[in-house]
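Here are my notes on this one, jotted down while going through it. Have a look at the structure first, then read on.

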Amino acid sequence: MRSKILTAGLVLALTAALGGVASADARPGGRPKLTDPHPCPGQPGFTCSTLTVPLDHTGRVPGTLDLAVATADNADAPKGVLLFLTGGPGQGGVGSITRIAKQRLPEVAKDYRFVMLDQRGTGPSGALKCPGLQEQMGSSDIATPSREAVLECAHILGDTAPLYSTDQTVADFDQLRRALDVPKMVVDGVSYGSFTAARYALAHPANVSKVVLDSVLPHHATASASLYLTGLTAEARVLRAACAVAPACGYDPADDLAWVVRHRGTADGVRIFDLVVTYEFVDPTYRNAEAGDLIGALHEARGGSSAHLDGLLEAYKSGGDDPAGFSSGLHAATLCADQRFPWGSAATPVSLRQPLLSLAARTLPPSATWPYTTEVATQQGFIQSCLPWPAERPGSNPAGKLPDVPVLLLNGDRDLSTPLEWAKEEAAQAPRGRLVIVPGESHSIQNRERGHAGRDAVLSFLQ
């Protein structure tokens with residue numbers, strides 16, 4: 001991605017109204033267009049093109065960005081356009097349109113024209129590159145980066161960092177809708193994509209017909225979410241449920257986890273937290289011997305034998321992902337602009353953040369983080385990526401109800417990346433929402449579900 005160099009000290013002014021920014025066409029005097037259409041390499045049935053968008057949709061900062069877009073060739077699909085949004089933040093989208101549309105949701109693809117894009121700062125041609133963060137964190141939310149790696153990334157992005165907030169990305173989506181020349185779209189988002197899908201619906205309620213939120217991240221950011229408190233405490237529920245499946249374990253895996261974390265210290269506690277969340281993508285039973293039997297490894301470690309757990313920590317270690325597949329730099333820039341923290345927002349001076357974080361930590365009861373500790377909550381990647389990030393004007397943080405359109409929410413009950421509790425929280429904000437809980441499944445139902453109950457719910461919802 002090529003970005004215009006900004007004047008030193010320039011502060012981006014974002015509007016606070018429901019995640020919206022004042023959008024301006026990248027092409028003066030006309031509707032945005034998809035340019036350079038050509039067959040998507042290795043993805044028959046899809047056309048790849050380029051959408052040129054303003055670098056800053058408020059118009060305060062000059063320049064443009066080129067975003068890669070993939071569209072299904074059935075332009076006359078009877079039910080219109082379905083914009084499918086990937087997660088992270090940091091994942092591209094164009095390279096996975098065949099898997100989503102043809103392999104995972106082929107029945108939906110018969111009626112809808114699937115569209116995916118590499119959101120700003122992602123994808124082979126546009127990924128933000130921060131070598132230190134990429135090496136240390138990869139695609140993890142939780143792995144603890146060094147302060148040096150965070151500051152290196154902030155230096156690389158400079159004054160462009162606030163231009164990768166969700167506000168700007170949501171405005172890109174509406175540029176895409178206009179380029180497709182459609183009045184409304186179905187918007188379907190997974191993980192962070194559920195966050196951007198909800199935020200698009202809030203910013204442009206007249207431009208969405210239906211919304212699918214899969215593996216749900218609530219649209220209103222809170223300090224609790226940045227501390228990952230819901231995810232930390234949900235591990236007791238999920239591991240106990242997994243242990244109760246016949247043949248039952250006969251012991252409490254949550255107690256094992258709590259014991260191990262407290263006996264191995266904070267640094268290993270964060271590594272174990274990262275391991276459990278990473279492991280769910282391979283084995284939502286948490287007990288499969290071929291994947292590593294995470295629950296068994298924790299039990300053995302409590303019994304005095306740590307070799308099994310140490311092997312899993314090494315095998316599932318985060319870091320080193322190709323930025324073309326997942327940009328750690330984009331991940332940090334977006335979260336640090338969008339999230340709300342124990343110290344407040346991105347506007348809080350860096351010098352005040354650690355004292356405010358320490359004050360908040362002292363008020364947390366043990367139950368707020370158990371089976372982990374307060375120290376694990378404050379040392380994990382959400383917090384440590386943004387604690388030293390330079391102060392900037394924060395992205396908006398809309399609260400309140402989603403618009404009055406049909407909303408389907410999907411969540412696996414074994415999901416620890418975006419735990420079921422978050423889906424229930426967001427469902428309460430959807431006046432026409434329906435929550436479908438998929439038993440025994442973890443993260444990303446439409447992309448990773450082993451069965452078909454969740455995808456059947458999507459098909460029924462979109463009929």
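Buried, in these notes, means under 20% relative accessible area. Keep in mind that this is a predicted model.

1. Overall make-up. We have 19 helices and 9 strands in the chain. Its radius of gyration is 21 Å, close to the 23 Å from the globule rule for 463 residues, so the chain is as compact as a globular protein of that length. Along the principal axes, the C-alpha atoms fill a box of roughly 70 × 50 × 40 Å.

2. Inside and contacts. Of the 463 residues, 58% count as buried. If you take contacts between residues at least 6 apart in sequence, 77% of them join residues at least 24 apart.

3. The accessible surface comes to about 17,400 Å², and carbon and sulfur atoms account for 55% of that. There are 40 positive and 47 negative charges, and their mean positions lie 5 Å apart.

4. Helix α13. How many residues of α13 (residues 328-338) are buried? It's 11 of 11; the list runs S328, G329, L330, H331, A332, A333, T334, L335, C336, A337 and D338. The cover over them includes α3 (131-137), α4 (147-157), α5 (166-180), α6 (192-203) and α16 (381-386).

5. Helix α19. Here, in residues 453-462, the buried ones are G454, R455, A457, V458, F461 and L462. They span an arc of only 150° around the axis, which means they sit on the same side of α19.

Notes
Residues numbered from 1 in each chain as written. Predicted model: local features only at pLDDT ≥ 70, side-chain atom pairs only at ≥ 80, totals over all residues. Heavy atoms only, no water. Helix = DSSP H or I, 4+ residues; strand = E, 2+ residues; numbered from the N terminus. Rg over C-alpha atoms; globule rule 2.2 N^0.38 Å. Buried < 20%, exposed > 50% of the residue type's maximum accessible area, 1.4 Å probe, protein only. Contact = heavy atoms within 4.5 Å. Areas by Shrake-Rupley, 256 points an atom, 1.4 Å probe, with all protein chains shown as cover. Lys, Arg positive; Asp, Glu negative; His and termini not counted. Charge placed at Lys NZ, Arg CZ, Asp CG, Glu CD. Arc of directions from axis to C-beta.
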